[in-house]
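Here is a briefing on one structure. Start with the sequence and the coordinates, then read the points below.

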Amino acid sequence: MLLSFIVSGLGVGAVYALSGVGLVVLYRATGVLNFAFGATGALGAFCAHTVATAGYPVVAAWMTALVVATASSYFYGRVIAPSLSTRDLVVRAVGTLGFALILLGFIGWAWGDTPRRLSLPTDGIYFDLFGTRLTMTRILALALVFGMVAGINFMLSRTRLGLEMRSLADNRGLSAILGIRVVSVEASAWIISGISAGICGVLLANLVRLQGLQLTFLVIPAIAAAILGGLSSLVATAAAGVAIGIVEACLSIWPAVAPYRTATPFVVALIAVAVMGATANRRILTR
Amino acid sequence: MSVVELVAPPGESLVVQRPSLARFWNLILIPTLVIGSACIVALGANGYWISSLTSAAAIALAASGAGLLYGQLGLVSLCQYSLLGVGGWVALRLGFAFELAFEVNLLAAGLVSAGVGLLCGLPALRLRGLYLALVTLMLAGGFQVVINACGFPDGGPGFLGRADATPRIMMARPAIALSNQGYFIYSSVVLSLGLMIVELHRRTKPGRAWALIRAGETTALAAGVNLVRYKAWAFSLAGFLAGVAGALLAGNVGQLDGRAFPASESLSLFALTVVGGVYNWIGAVFTGLLLRAVVSLLTDLRVDGNIAMALFGAALLHSLIVAPSGIAGLIVGLFDRISSRIVNRQP
Amino acid sequence: MLVTCTAAAIWLSAGSGVQAQTIRCGMNNGQKATGVPINIGGIVSKTGPDDFSASAGAAEAYFKCVNQNGGINGRPINYSVGDDRWNPETATQLRAKLVDDQKVVAMVGSSSFAECAANAKAYEASNVVVIAGVGVPRECFTSKNYAPLNAGPRLSTVAAAQHLNERDGAKSFVCISLNIPNFGAWACDGIDVWAKANGLKSTTILIDPGSSDANSTILQAAALKPDAIVFCLSKSVIVSLLVAAEQQGIVDKIKFGSGAAAYASDLPAAIGPAWNKKFLTNMEFQAIDSTAPDNKNWLAIMDKYADASVSRDTFSQGGYLAARLATETLLKLDPAKIDRDTVSDALRKVSKFESDILCTSWYFGADAARHNANSVLRTSIVDENAWKVVSPCTKVVDPELADIRAYEQKSGMDR
């Protein structure tokens with residue numbers, strides 16, 4: 001019984017892990033915590049759904065999602081974010097909240113509240129495990145988490161672009177003096193974030209539901225995973241996201257606690273902070 | 001104002017101004033402006049606007065707490081709206097359980113929220129900046145789930161005070177302010193009292209301690225400032241203001257709904273606090289107006305809710321970029337420029 | 001020239017003659033109303049987790065039709081709607097605007113999640129009667145001045161369970177709903193109480209509205225090994241749960257049903273072919289594509305007077321009925337004496353409002369403490385990307401309706 005819920009939790013765990021990793025990636029590269037990550041992905045997913053129902057091949061729909069998400073992410077990063085680059089971290093994050101509201105409003109206006117389902121070809125393939133079915137889509141999502149973490153870690157630590165990104169996130173002014181092309185490096189970071197938002201958007205729309213409000217504010221539980229990763233470690237963020245998802249799913253077993261299980265990400269994050277605060281890791285705490 | 005000339009190196013003159021009672025000028029300005037404009041508005045405004053502006057006054061009170069934390073200490077609290085919910089819950093529960101005066105409910109709500117705010121502030125003893133903001137956001141998220149499940153009291157029995165079979169009871173308003181206009185003026189009086197409390201703090205010892213803590217914690221420690229006490233004081237005060245605001249809101253509508261307290265509301269409250277301006281008391285008033293009066297205007301004009309949301313986001317972005325000190329900063333800056341021009345013109 | 005003009009005039013009058021046959025509203029005399037306007041208001045929950053605004057959209061269309069057809073004995077209706085964005089604060093402000101500022105004589109066609117609780121007492125205090133298109137939470141059905149045309153989520157969900165019991169022999173149920181005390185818990189409690197009274201088994205699973213984990217919820221429900229799972233949720237959450245159920249392969253193992261929120265014409269296409277003839281929903285009104293005369297009238301009025309963006313769904317049917325009821329009641333009054341008191345009085349006295357959109361006649365229940373007249377309902381099943389009605393009008397049995405049934409018996413309005 002518990003095992004079947006653990007397997008089930010892998011699905012929502014992948015959801016939290018994907019969003020969390022997406023958030024931390026951009027944060028490590030630009031210092032901006034992107035509240036619009038979910039909304040950008042949702043916009044891509046809605047466009048993909050429209051293209052798919054219009055009769056075009058599925059691949060065209062996915063490409064649409066990627067292009068739309070990347071374009072809107074690039075637009076924010078190139079046009080709006082530089083104006084806020086001198087402000088403190090929280091204000092820059094609040095700026096992305098403004099962008100998220102714009103996207104959310106547009107989605108609500110353009111697509112209304114008709115119930116929609118975003119299907120992927122991997123939905124039909126499944127494995128029977130411990131009395132429950134694990135669809136290929138969930139396995140794909142988990143694989144993508146690993147892929148993103150590995151790929152971006154490699155990029156940040158082994159490539160010149162990654163080095164420039166980390167330098168930029170640390171100190172924008174000094175990086176400019178050093179000759180790093182600030183604008184183009186930041187733009188690359190936002191493009192990478194946009195691509196990951198597009199991929200995540202399609203997967204989340206499939207795993208959760210294709211609804212603007214839900215997908216946009218999925219960033220809030222995802223932030224719990226990011227906190228557990230210390231806003232820096234991608235591996236820890238991904239692991240935390242999956243763990244939170246599994247715990248949340250397993251709480252379904254106890255009827256007294258079950259209606260409150262959506263609070264799992266928040267409770268886990270708060271416990272983790274209390275523990276981390278007690279162990280006083282100065283570098284994390286004073287960011 | 002007394003001026004003392006010190007012995008100075010040649011070629012320079014040093015003038016020291018001793019702080020005088022003039023720095024408390026705002027304590028007269030605030031109630032005059034706030035209550036005065038409230039009375040003028042109450043004479044002419046229709047029912048729709050009286051109701052909206054009463055909500056705006058309550059939100060302004062909560063925003064002053066958030067602005068205090070951010071402006072004075074650089075600490076971000078993204079659970080201020082949830083603390084408002086806590087205050088509302090306490091006010092409703094006490095209001096239905098006992099026949100106490102509204103003011104007692106107001107104070108009790110403020111005190112309980114102050115306590116909860118203090119608990120929220122415990123992480124602040126070690127955390128700063130974005131990390132603290134995110135932790136408070138987690139608290140707001142947790143509150144969202146809990147309040148959805150428990151609901152707000154509406155006159156029923158038990159600890160949660162929810163009536164399941166009978167019609168909901170509305171919270172009683174203060175005896176001196178039963179009408180809508182009366183309650184609006186009452187709210188503006190409470191708002192100006194709250195703003196005055198914040199202003200008093202800023203101009204006296206706590207304000208100096210906070211400024212020193214913001215300048216650098218090591219510096220503050222060296223100067224003998226008790227970090228824990230003053231940070232805790234700030235969080236408690238912010239919580240108190242949010243709690244009182246929640247009680248005002250509960251009295252305005254008569255009841256509160258669990259679905260109106262998602263974490264995103266706390267995010268919006270903080271964002272609009274920054275837009276309104278955190279360095280001046282009038283910023284909080286602007287925040288209240290933006291969050292309630294502007295939204296009411298858009299609803300009144302029958303602007304589609306989704307378009308209104310998008311416009312809101314665009315305005316938020318625009319204000320953040322164009323006005324770093326918020327709208328209050330723009331207006332105060334304007335006044336300063338005008339008054340310095342006038343001063344400079346004098347021979 | 002004269003011949004063309006005459007021909008055009010004959011063609012036009014013939015056209016309007018045809019219209020006067022297919023659309024019926026108000027006085028049906030084709031004359032534009034030009035007297036002193038009568039103010040009527042409506043509050044809907046539009047922007048937020050779900051969109052209920054079609055109710056006011058339909059009422060607006062009907063009132064436009066009425067204004068083009070003689071108005072209320074020559075007086076046009078000035079209908080104002082507000083979107084409360086699911087927020088009770090906003091609902092209070094809108095009520096202040098409509099009741100205090102615009103001095104509406106009645107509220108018609110409302111469908112809001114937030115306003116029943118926030119405004120019920122105020123409506124009582126100012127003697128305004130609300131004929132709502134659709135009521136959602138419990139407060140809409142336990143208030144003195146509030147009377148919705150629909151049955152409510154509790155009756156609708158219980159009716160779905162009762163149908164599954166009668167048609168498919170289901171004896172154990174799981175009710176899945178939102179973790180909101182006056183909505184989800186209240187609705188599933190209906191199945192619980194009915195099941196206990198009839199020796200059946202029922203368990204309730206409440207989920208947070210913001211939950212992203214449909215799979216675990218379905219697992220949790222399936223682990224209880226019920227005969228049937230009944231939903232009382234919004235459309236998008238229903239879709240995500242059905243998708244999870246399909247992926248878990250339990251479509252054929254357990255029966256699935258839902259309250260009336262699932263009865264939307266785009267839902268069968270959204271959930272896909274796996275649910276063909278396997279998912280049924282209760283309906284609070286007539287089938288949307290029914291050819292019964294009043295239903296056709298509703299569709300025709302929507303086509304002529306409503307924007308294409310207004311959904312033709314059950315909310316819209318409720319709003320149409322509310323507007324029709326209000327119009328017919330107002331037409332019986334002296335046009336010079338239409339004010340809040342006379343209108344409220346007349347609306348309270350409504351006792352036999354007939355329409356083929358409803359199963360039985362609707363009444364207000366003048367001296368009753370609460371109003372829930374629509375309690376005889378139909379059921380539909382998914383059939384080839386559309387809904388097909390599978391049961392006749394059936395009376396819902398809910399122990400909580402005891403006071404209403406007693407009132408109906410006393411007043412001779414037996415269902």
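Chain C holds 13 helices and 12 strands. Helices (H or I, at least four residues) and strands (E, at least two) are DSSP runs, numbered from the N terminus. This is a predicted model, in which local features need pLDDT of at least 70, side-chain atom pairs count only at pLDDT 80 or more, and totals for chains, interfaces and linings use all residues. Residues are numbered from 1 along each chain as its sequence is written, while chains are lettered from A and ligands numbered from 1 in the order in which they are written.

**Confidence**
- The model scores ipTM 0.90 and pTM 0.89.
- Chain C averages a pLDDT of 90 (the predictor's confidence in each residue, from 0 to 100).
- In chain C, 95% of the residues score at least 70.
- Residues 5–9 of chain C stay under 50 in pLDDT, and the model gives this stretch zero contacts beyond four places in sequence.
- Residues 11–21 of chain C also stay under 50, with three contacts beyond four places in sequence.
- Two residues are in contact if their C-beta atoms, placed from the backbone, lie within 7 Å.

**Chain C: overall shape**
- A compact globule of 415 residues would have a radius of gyration near 22 Å, and chain C agrees with 22 Å.
- The radius is taken over C-alpha atoms, and the globule rule is 2.2 Å times the number of residues to the power 0.38.
- Along the principal axes, the C-alpha atoms of chain C fill a box of roughly 75 × 55 × 40 Å.
- Buried residues make up 61% of the 415 residues in chain C.
- A residue is buried if 20 or more other C-beta atoms lie within 10 Å of its own, exposed if 12 or fewer, and partly exposed in between, with C-beta atoms placed from the backbone.
- Of the contacts in chain C between residues at least 6 apart in sequence, 71% join residues at least 24 apart.

**Chain C: the sheet**
- Seven strands of chain C form an open sheet with mixed pairing, in the order E7-E6-E8-E9-E10-E11-E12.
- Strands E7 (201–207) and E12 (386–395) of chain C each have a single partner strand, so one side of each is left without a neighbour in the sheet.
- Neighbouring strands of this sheet are turned by 25° against each other on average, direction ignored.
- Two strands pair if DSSP finds at least two bridges between them.
- Strands pair through backbone hydrogen bonds, either parallel or antiparallel.
- Strand E9 (residues 255–258) and strand E10 (residues 279–283) of chain C pair in the parallel sense over three bridges.
- Gly257(C) stands opposite Leu280(C) in E10(C).
- Helix H6 (residues 181–197) of chain C packs on the sheet, touching E6 (172–178), E7 and E8 (228–232) of chain C.
- The direction of H6 of chain C makes about 170° with that of E6(C).
- Axes are lines fitted to C-alpha atoms, for helices over the stretch in contact, and angles run from 0 to 180 degrees between N-to-C directions.

**Chain A: overall shape**
- Chain A comes to 13 helices and two strands.
- A compact globule of 287 residues would have a radius of gyration near 19 Å, and chain A agrees with 19 Å.
- The C-alpha trace of chain A spans about 60 × 55 × 35 Å along its principal axes.
- Buried residues make up 57% of the 287 residues in chain A.

**Interfaces**
- Between chains A and B, 43 residues of chain A are in contact with 38 residues of chain B.
- H4(A) gives the most to the side of chain A that touches chain B, with 17 residues.
- That side of chain A divides into 32 nonpolar, eight polar and three charged residues.
- Between chains B and C, 26 residues of chain B are in contact with 29 residues of chain C.
- H2(B) gives the most to the side of chain B that touches chain C, with five residues.
- That side of chain B divides into eight nonpolar, 14 polar and four charged residues.
- Ala, Val, Leu, Ile, Met, Phe, Trp, Tyr, Cys and Pro count as nonpolar, Asp, Glu, Lys and Arg as charged, and the others, Gly among them, as polar.

**Positive phi**
- Most residues other than glycine have a negative phi.
- Phe130(A) has a positive phi of about 50°, and its place is in the loop between strands E1 (126–129) and E2 (132–135) of chain A.
- Asn385(C) has a positive phi of about 65°, and its place is in the loop between E11 (376–383) and E12 of chain C.
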